[in-house]
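Hi there,

Here is the structure I promised to pass on. Have a look at it first, and my notes follow below.

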Amino acid sequence: MKAEVINPFLESARHVIEQVIQVSPSTGNLGVKEIGYLENHIWIQIGMTGQMNGDIVFGIQEQVALQMVSVMMGGYVITEMDEMGQSAISELGNMISGNASTILSNQGVSVDITPPKVMKSDITSNLIQKKALCIPLRMEGIGELDIQVMIS
């Protein structure tokens with residue numbers, strides 16, 4: 001897996017988070033990580049087909065996701081990841097992936113994305129034992145969002 005594959009997702013995530021969450025995220029270190037069960041986490045999984053195939057997974061601690069959703073809902077405090085919260089965090093993943101697919105298209109790479117699937121830490125069996133190219137985005141005062149790319 002080539003490291004430059006993650007760049008459109010990183011660029012898109014920075015842009016979307018700045019617009020929607022209203023913070024400028026900083027970038028952590030790029031690495032390879034095995035995706036598996038982490039307690040109190042939420043994953044947004046988006047499939048990719050076309051000239052690139054695989055999955056993009058955004059990993060977020062549930063508390064961080066709740067803070068992000070609260071900002072997305074105009075400051076209304078969200079205390080549990082209910083259906084509305086899952087829909088909002090799902091849409092964030094969709095916006096990031098949609099923008100990334102546009103960036104890829106502008107680079108001559110034709111891809112399609114699937115609708116996002118939100119998974120909580122208690123139902124991650126289909127993520128276990130997969131290696132991903134991973135880079136964290138740190139949002140000051142909120143926490144981290146991990147971008148995990150498993151595409152070929």
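**What I found around helix 2**

A quick word on the naming: helices (H or I, at least four residues) and strands (E, at least two) are DSSP runs, numbered from the N terminus. Keep in mind that this is a predicted model, where local features need pLDDT of at least 70, side-chain atom pairs count only at pLDDT 80 or more, and totals for chains, interfaces and linings use all residues. Residues are numbered from 1 along each chain as its sequence is written, and side-chain values use heavy atoms, leaving out hydrogens and water.

Helix 2 covers residues 62-72, and its buried residues are Val64, Ala65, Leu66, Met68, Val69 and Ser70. Buried here means under 20% relative accessible area (1.4 Å probe, protein chains only). Among the elements covering them are strand 3 (41-50), strand 4 (54-61) and helix 3 (83-106).

How do helix 2 and helix 3 pack? Their axes are 9 Å apart, at an angle of about 90°. Axes are lines fitted to C-alpha atoms, for helices over the stretch in contact, and angles run from 0 to 180 degrees between N-to-C directions. Ala65, Met68, Val69 and Met72 of helix 2 meet Gly85, Ala88, Ile89 and Leu92 of helix 3, where contact means heavy atoms within 4.5 Å.

Elsewhere, Gln148 sits in strand 8 (residues 143-151) and is buried, at 3% relative accessibility. Gln148 touches residues including Trp43, Asp55 and Cys134.

Cheers

Conventions. Buried < 20%, exposed > 50% of the residue type's maximum accessible area, 1.4 Å probe, protein only. Lists of a residue's contacts leave out its neighbours within four places in sequence.
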